[in-house]
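Here are a few quick notes to go with the structure. Have it open while you read, and find each spot as we come to it.

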Amino acid sequence: MQLKIHEFDLPLAHTFTISRESITVQKTLIVELEEDGYRGYGEATTNNYYGFTFENMAAAIERVRGDLESHTLEDPVALWQQLHPKLKDNPFAQCALDQAAHDLWGKKLGQPVYRLWGLEAKNLPPTDYTIGIDEIDVMVAKMQEFPDWPIYKIKLGTAHDLDIVRALRKHTTAIFRVDANCGWSAEETIRNSHELKKLNVEFIEQPLPADQNDAMEQVYRDSALPVSSDESCIVESDVHRCVNRFHGINIKLMKCGGLTPARRMIDRARALGMKVMVGCMTESSVGIAAIGQLLPLLDYVDMDGALLIRNDPATGVCIEYGQVHLPQSPGTGAALR
């Protein structure tokens with residue numbers, strides 16, 4: 001295989017604010033693996049919270065250049081296992097390579113990745129559309145830019161969270177999901193849950209900081225709504241820790257290291273009786289196309305990242321009013337423009 005690393009700045013359509021930060025441009029790294037004339041693409045965005053920059057991701061990928069260029073791809077899972085000892089401290093870099101390897105694998109075999117896994121593109125869950133924190137009238141305007149969406153994910157973690165949801169509810173009958181990104185206490189979560197249930201909120205995502213395990217047990221018992229993990233479930237070993245603390249998990253491909261470990265996390269969560277969601281981290285269509293391969297395995301999905309940016313450098317899945325249409329082309333369907 002031959003390796004190329006691409007760097008892109010992805011200007012956002014709006015300043016994107018969650019409980020801990022605001023961004024206007026998302027930098028991303030896209031990996032290209034070429035073999036026998038086929039090109040596979042994978043992606044990882046930079047992230048201040050987790051400490052992954054373009055520079056440290058690119059450096060990690062360069063450390064395995066020799067492994068890649070001496071390798072003939074037959075099985076992306078085997079390649080993940082081979083590279084993991086050198087990349088275990090940089091799962092974002094490993095994610096980009098794992099997505100690219102799966103895309104290349106599918107293109108070499110002439111099939112979409114999900115079909116090679118034995119899956120069918122039927123009964124796919126719709127994706128939500130995310131509304132970042134802002135002034136209430138601005139949040140309403142953001143929602144109205146994507147009218148008639150079936151599900152909106154509302155970022156919370158302010159002093160007036162219930163006012164935000166009440167205001168948005170006046171403008172749509174769609175399902176709401178709320179994500180506090182570690183911004184609430186246990187008492188606040190439980191109290192809010194009763195009001196949010198009246199406002200047709202489906203579930204609450206990661207209300208407490210990830211280290212507050214005992215408090216999450218209280219929330220799990222007393223919340224009027226189901227709760228889903230995010231920051232509390234990063235890698236495979238975290239899944240069992242979510243039992244009796246969360247009703248479901250939200251897997252992020254970059255945080256766990258790619259499609260290979262994500263599939264294992266899905267299987268483990270199912271065995272433990274939990275719901276499964278996969279979320280995005282403001283990727284371009286390269287990363288969103290990789291998430292799309294997992295759709296037949298999921299209860300919920302948050303894959304609106306490419307809809308939040310102004311200059312998508314790639315093509316991939318098509319999303320219309322929340323409904324995801326997987327490409328019939330081989331691999332993940334991702335391609336650089």
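1. Let's start with the lining of the largest pocket: strand E2 (22–35) and E5 each supply at least two of its residues. E2 gives the most, with five residues. Keep in mind that you're looking at a predicted model.

2. How many residues line the largest pocket? There are 29 of them, and Phe16, Ile18, Asn47, Met281 and Thr282 lie nearest the centre. Sorted by class, the lining has eleven charged, ten polar and eight nonpolar residues. The volume of this pocket comes out at about 460 Å³.

3. Now hop over to threonine 130, which sits in strand E4 (residues 129–131). Is threonine 130 buried or exposed? Its relative accessible area is 6%, so it counts as buried, given that the cut-off for buried is under 20%.

4. What does threonine 130 touch? Leaving out residues up to four places away in sequence, its contacts are Phe16, Lys153, Lys155, Asp302, Asp304 and Leu308. With aspartate 302 there is also a side-chain to side-chain polar contact of 3.5 Å.

5. Last stop: proline 147, in the loop between helix H6 (136–145) and strand E5 (151–155). Proline 147 has 40% relative accessibility, so it is called partly exposed. Setting aside neighbours within four places in sequence, proline 147 is in contact with Tyr152 and Tyr321.

Terms used. Residues are numbered from 1 along each chain as its sequence is written. This is a predicted model: local features need pLDDT of at least 70, side-chain atom pairs count only at pLDDT 80 or more; totals for chains, interfaces and linings use all residues. Side-chain values use heavy atoms; hydrogens and water are left out. Helices (H or I, at least four residues) and strands (E, at least two) are DSSP runs, numbered from the N terminus. Buried means under 20% relative accessible area, exposed over 50%, partly exposed in between (1.4 Å probe, protein chains only). Contact means heavy atoms within 4.5 Å. A polar contact is a pair of N or O atoms within 3.5 Å; within protein, one must be able to donate a hydrogen and the other to accept it, and residues adjacent in sequence count only if both atoms are side-chain atoms. On a 1 Å grid over the protein atoms alone, a cavity is a set of points where a 1.4 Å probe fits but cannot get out, and a pocket is an open set with protein on both sides within 12 Å along at least five of seven lines; lining residues have an atom within 4 Å of a point. Grid points are joined across faces, edges and corners, and a volume is the space filled by probe spheres set on the points. Ala, Val, Leu, Ile, Met, Phe, Trp, Tyr, Cys and Pro count as nonpolar, Asp, Glu, Lys and Arg as charged, and the others, Gly among them, as polar.
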